[in-house]
Amino acid sequence: MLWRIKQQAQNNPNPEWEKKVIEYFREKLKENNATNWVPSLNDVPLHYLKPNSLVKFRCMVQDMFDPEFYMNVYETVDIHTKSRVSHFGKYRDIAECSPQQEIDLNPKQIVTADRQTFYCVPVPGESAWVKEAYTSASQARVCPSTSYTPSRHKRSYEEDEDMELHPSKQREQHLGSVTDIHGSGDSKRLETEASSRNHMISLNCSPPLDLNFPLPGEKGPACLVKIYENGDSFKLNDILEVYGILSVDPVMNTLNNEERDNSASPVESMDCMDTVEEQRVHSPPASLVPRIHVILAQKLQHINPLLPACLNEEESKSFVSRFMSELSPIRAELLGFLTHAFLGDSLAAEYLILHLISTVYARRDVLPLGKFTVNLSGCPRNSVFTEHIYRIIQQLVPASYRLQMTIENMNRLQFNPHKDYTANRLVSGVLQLANKTSLVIDETLLEQGQLDTRGVHNVTALGHLITWQKVDYDFSYHQMEFPCNINVLITSEGRSLLPSDCQVHLQPQLLPPNMEEYMSSLLTAVLPSILNKFRIYLSLLKMLDYSISDEVTKAVEDDFVEMRKNDPESITADDLHRNLLVARFLSLSAGQTTLSRERWLRAKQLETLRKARLQQQQCVNGNEL
């Protein structure tokens with residue numbers, strides 16, 4: 001349909017055709033779950049997708065390149081007849097030009113435009129259940145493409161990377177021209193045999209391309225997302241769902257060669273890049289980093305596939321209303337489930353629920369309001385307990401990461417993103433995460449050792465994230481703070497080395513003889529339908545609005561004054577702030593969007609129990625936790 005509209009526009013120029021394209025797809029995607037019929041790069045292998053077809057991609061903006069210029073309107077001239085044909089360059093990487101034609105490079109015949117390019121990666125730490133749910137909901141019908149087969153004249157880092165990502169898949173080879181990719185010629189699929197692949201090895205191979213995933217061990221496609229409209233409305237680390245035209249033209253792979261073919265048709269933008277490193281990063285092989293020319297793009301409120309995408313629509317409101325009506329039993333079941341996970345400790349389970357639904361809802365000057373970092377102390381050292389606690393959290397939240405706080409990891413990993421000026425890109429770091437990601441820091445693995453300079457910087461970065469909900473991005477000549485909204489849970493044996501908003505000391509009520517078996521059995525015992533209710537519960541409550549009436553505010557202030565009178569030495573303004581936070585999340589956990597006196601008293605009770613437990617442990621140990 002897109003190419004039909006463009007063909008009509010070329011035959012009968014109409015400046016409105018671009019708006020018609022966007023309007024057409026916007027309306028079509030609203031019909032009868034049409035979005036489920038669009039194949040997604042998140043779950044469909046690239047070689048199963050047809051070039052120039054409509055695809056979607058759920059991703060995080062990892063880097064934002066400089067705007068690039070392209071030929072929006074240009075003319076080709078037939079070599080023999082000298083006849084002219086107008087072309088539109090929008091939604092394309094390669095100029096449309098047959099072997100019998102040449103492009104008229106006269107500036108008067110070319111209308112240029114600019115587009116924004118985002119380097120996008122799959123959402124860091126996205127949970128397996130999220131991926132599986134999106135995949136199962138998809139109704140896209142795909143099969144191996146017969147119109148695209150990557151060119152392989154010699155072995156390069158592109159082939160190495162693909163074999164690493166898809167070791168069970170055979171590589172494919174392509175012999176064809178630019179016109180084949182755009183449907184004006186026939187191409188044939190040639191299987192690349194293992195024996196012939198050995199002859200393709202080159203001694204001058206480029207090093208493997210770093211796909212720049214923030215978290216180690218991540219898999220999935222990275223994409224260059226070309227934005228034509230409202231590019232300024234998106235920012236770094238936003239989660240997007242984009243719908244656009246897939247571009248995997250093999251001519252773009254010529255940028256991998258040491259000598260570029262300057263006689264080829266203009267590739268991608270009309271900009272000139274300075275360094276080989278910048279060329280490799282900004283124009284990587286299309287078979288490894290495909291391009292998506294965006295027709296529609298939207299920021300996602302969340303990535304929980306069990307929830308409606310937009311909670312403001314009427315249909316979504318009815319879903320929320322139905323779910324809220326059965327909230328109480330779901331909360332009770334979740335509390336019981338987490339109590340078992342914490343070996344019978346219901347207080348720790350209560351605080352974990354509050355932590356998991358916490359979110360930064362506003363910023364007052366530099367203070368992030370709503371952050372609730374919990375330090376779960378008293379965890380067994382060097383045991384499978386903390387690993388299984390993370391696995392349980394991983395099954396409950398859409399995105400998470402477990403940071404094993406070993407000396408080796410602290411000295412080796414790069415936490416803060418930094419700018420590589422040679423390649424002109426932002427090199428990702430572990431803390432470049434999407435909002436609402438759960439970060440579990442396992443401090444029980446920390447042994448004695450020496451932190452080097454990077455290790456010290458990483459500890460500082462964690463403290464900065466926890467305290468201010470900001471991450472410093474290193475631009476060499478200056479640091480730039482990027483606000484974030486990351487739920488941080490710290491598991492430790494004693495009191496954490498890192499700051500926290502609330503320390504809860506674990507008090508197990510049972511000690512199973514086989515911890516591995518006990519913890520593993522918890523998840524298998526929960527019905528999938530119940531697990532899905534837990535997932536909806538935690539994601540939905542994060543997005544509810546909350547308020548405190550003037551009457552309740554006055555009652556809380558009076559109550560705090562009385563608390564200060566009774567215990568002026570130990571009750572501080574921090575206690576009031578923490579009590580209000582606990583009361584907020586306690587109310588939301590019960591589906592109440594305003595504070596009641598009952599919830600305020602319950603919050604005070606929880607805090608009293610938590611503090612008493614810490615004092616008791618301090619007396620036992622004879623020193624501060």
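Guide: The largest pocket of this predicted model has a volume of about 1,400 Å³. A pocket here is an open set of points on a 1 Å grid over the protein atoms alone, with protein on both sides within 12 Å along at least five of seven lines; a cavity is a set of points where a 1.4 Å probe fits but cannot get out, and lining residues have an atom within 4 Å of a point. Grid points are joined across faces, edges and corners, and a volume is the space filled by probe spheres set on the points. Because the model is predicted, local features need pLDDT of at least 70 and side-chain atom pairs count only at pLDDT 80 or more, whereas totals for chains, interfaces and linings use all residues. Residues are numbered from 1 along each chain as its sequence is written, and side-chain values use heavy atoms, with hydrogens and water left out.

The lining of the largest pocket comprises 46 residues, and Thr35, Glu241, Tyr243, Gln298 and Ala309 lie nearest its centre. Two or more residues each come from helix H2 (17–28), E1, helix H3 (128–137), strand E9 (239–247), strand E10 (291–299) and helix H8 (314–325). Helices (H or I, at least four residues) and strands (E, at least two) are DSSP runs, numbered from the N terminus. E10 gives the most, with six residues. By class, 22 lining residues are nonpolar, 14 polar and ten charged; Ala, Val, Leu, Ile, Met, Phe, Trp, Tyr, Cys and Pro count as nonpolar, Asp, Glu, Lys and Arg as charged, and the others, Gly among them, as polar. The largest pocket lies between domain 1 (40–137 + 213–254 + 276–299) and domain 2 (314–542), because both give residues to its lining; the domain bounds come from an automatic or database domain assignment.

The second largest pocket has a volume of about 1,100 Å³. Of its 46 lining residues, Gln301, Thr359, Asn435, Lys436 and Asn485 are the closest to its centre. H8 is among the elements that give two or more residues to this lining, while helix H15 supplies the largest share, four residues. This lining has 27 nonpolar, ten polar and nine charged residues.
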